[in-house]
Amino acid sequence: MKRKQFIGSLLPAAFSFQALSAEIKFPEKENNSSKIPPYLKPGDTIGITATAGFITLDEIQSAVSKMKEWGFNVKVGATIGKKDFTYGGTDAERLQDFQQMLDDNSVKAIMCARGGYGCVRIIDKINFNQFKENSKWVIGFSDITVLHSHINRNCNVATIHSKMCNSFPDDWSKAEQVQIDSIDSIRKCLVGEKMIYTATANSNNKNGSATGELVGGNLRTIENLTGSDSDIHTKNKILFVEDTGEYLYSIDRMFWNLKRTGKLEKLKGLIIGGFKAKKDDPGEEFGKTIEEIVLEKITEYDYAVCFDFPVGHQKNNVALKCGVSHILTVNNSGTTLTQKN
Amino acid sequence: MIFPPYLKKGDTIGITCPAGYMIAANAQSCIATLVDWGYHVVVGKTLGSESKNYFSGTDEERASELQTMLDDKSINAILFGRGGYGMSRIIDKLNFKKFKKNPKWLIGFSDITVIHMHTYSNYKISSFHAPMAAAFNDGEDKNEFILSLKNAITGKKAKYKFATHPFNKQGSATGKLIGGNLTLLANIIGTASDYETKNCILFIEDIGEYLYSIDRLLQQLKRSGKFDKISGVIIGGFTDMKNTERPFGKTMEEIIQDVLADYDYPVCYNFPVSHAKENVALKIGATYNLLVKNKESVLVEL
């Protein structure tokens, strides 16, 4: 112990940082805005399938009734009510149900019944050939981010990031207005209404405006797709991210992954949705807020950034069209996101 | 591969905490043991620092101290106090110019996987995946895992024999040994610390993750081609795995077996590399032979 020395005094006064630029191993394709699937007309059919976690027939009844109320027919997939531990059926069953919905020309939109975990297990086996010819809306969020990112990158078809069947309330009279509005925004997206979204101002926002294709989803899932065929392309795009139930340190690590893989570098704008973090363990206080975690990664960029956008694992979770060009305006009075065309 | 000079008595080992906070007392047994082995020990300010949050210091403090130890020729090896989380925040700020000219052993695991793979991929410099300071506590400073580190840093080639497991896939594999913590091996894909796995023997371990999350991490490695052209896989400990309310329905071993079902290279389970006591020193980038047999398996450095 006597030989233990301290090197604190050796530390150089001026410590220089050398920035290494991340090597991008998966070059980005220059995507134009995605193809828009046909908007739905009364009498069109929406298919419901479980691509990830399992759900019962009972649990989708509220969604089925509401979509019928909207004037659509509903086709319930074979995976609804199926259960293979956490999954809505085996990989083969979930794959087959989704594939069948993709290839069935009478189905004009596919709503994934719920998230959970499981899309990544079947994504590489899905055949998108017919879907590319006869595109249709694929709807969902959370684990469904796999589909959004994969379809955006490989098929160039727009998708809808929104609540799913498990978020439709059993008793609408007890539902909060933001939840009802969020669900109704799915209908608006599907019938082709031009979408306008607003969010209240956050003092951490970076003002500015941006025009670009909207992409994004669940941050954990986006990180998980890095290096795969579903890796998200963010160049010249407006990126939105959300997550829930993660420790702050883990959220920080995910944002570092975005930065170190070059995904924050050439954005037009950044939209931060809900981030309900898991409480730090005692003695492990991370000491940074979500806003600080995000802003420190993008100090060298000057694009617009907004926080508290209504997207995420929360009641206020508006339907967003991924792959479609939007205009993001962030100023002192708040945030507006407007579908461009 | 470049192998830094092995340690001789009288050489100096630096201790720094590049990630999570560690109280100084938790490194005392480690320091005493290293001194007992005949080394000088220099301790950075990040150990037992004034930091009040998760980290052992600010990014600048942690990066600066590690940079100093990397550059200081009088320091022959760096043993990281602990992991936690934090290397990803500073790795791109480190300058490896002097380290490349005068490489030294970097010793640690868990979050340290980031710098192991970074120096392996970018500079072909070997490092030690091995126990860190806390592993010397509670009278464990003479256990076989700590002794494996003692031997490794002096250049003794290791030969680890370990028990068989019903899921093992028998065979012999030779290749460069790479790997570490599964979460980090996934997190660095696509970054400047990413790694090629072709012809390598890959080892993985993790702690405290949900089973579905382990599956998702393995799917990422698989989908990004990491399992395609390797010569063998070593499965270490998966400590304190958590299950979801709706049970995942597979054990950790079954999850791995399922992911690796398409490949016919040797695979062994229960190798002593983990966040538990069982954690032997492994030389990243060195060539090893993995022999998975009926009764036992052997990993030997060639």
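A helix crossing is left-handed if the near helix is turned anticlockwise from the far one by less than a right angle, and right-handed if clockwise. In chain B, the crossing of α8(B) and α9(B) is right-handed. This is a predicted model, in which local features need pLDDT of at least 70, side-chain atom pairs count only at pLDDT 80 or more, and totals for chains, interfaces and linings use all residues. Residues are numbered from 1 along each chain as its sequence is written, and chains are lettered from A and ligands numbered from 1 in the order in which they are written.

**Helix pair**

- Helices α8 (residues 211–223) and α9 (residues 252–259) of chain B pack with axes 10 Å apart, at an angle of about 20°; helices are DSSP runs of H or I, at least four residues.
- α8(B) and α9(B) are therefore roughly parallel (angles under 35 degrees).
- Residues of α8(B), including Leu211(B), Ile214(B) and Leu218(B), meet Met252(B), Ile255(B), Ile256(B) and Val259(B) of α9(B); contact requires C-beta atoms, placed from the backbone, within 7 Å.

- Strand β12 (residues 287–292) of chain B has Tyr288(B), Leu290(B) and Val292(B) on its covered face, and Thr287(B), Asn289(B) and Leu291(B) on its uncovered one; strands are DSSP runs of E, at least two residues.
- In a regular strand the side chains alternate between the two faces of the sheet.
- β12(B) pairs antiparallel with β7 (residues 171–181) of chain B over six bridges, where pairing takes at least two DSSP bridges.
- Leu291(B) in β12(B) is the bridge partner of Ser172(B).
- β12(B) also runs antiparallel to β13 (residues 296–301) of chain B, joined by five bridges and connected through a hairpin of three residues.
- Glu301(B) in β13(B) stands opposite Tyr288(B).

How values were computed:
Buried ≥ 20, exposed ≤ 12 C-beta atoms within 10 Å, placed from the backbone. Axes fitted to C-alpha atoms, helices over the stretch in contact; angles between N-to-C directions. Parallel < 35°, antiparallel > 145°, perpendicular 65-115°, else oblique. Contact = placed C-beta atoms within 7 Å.
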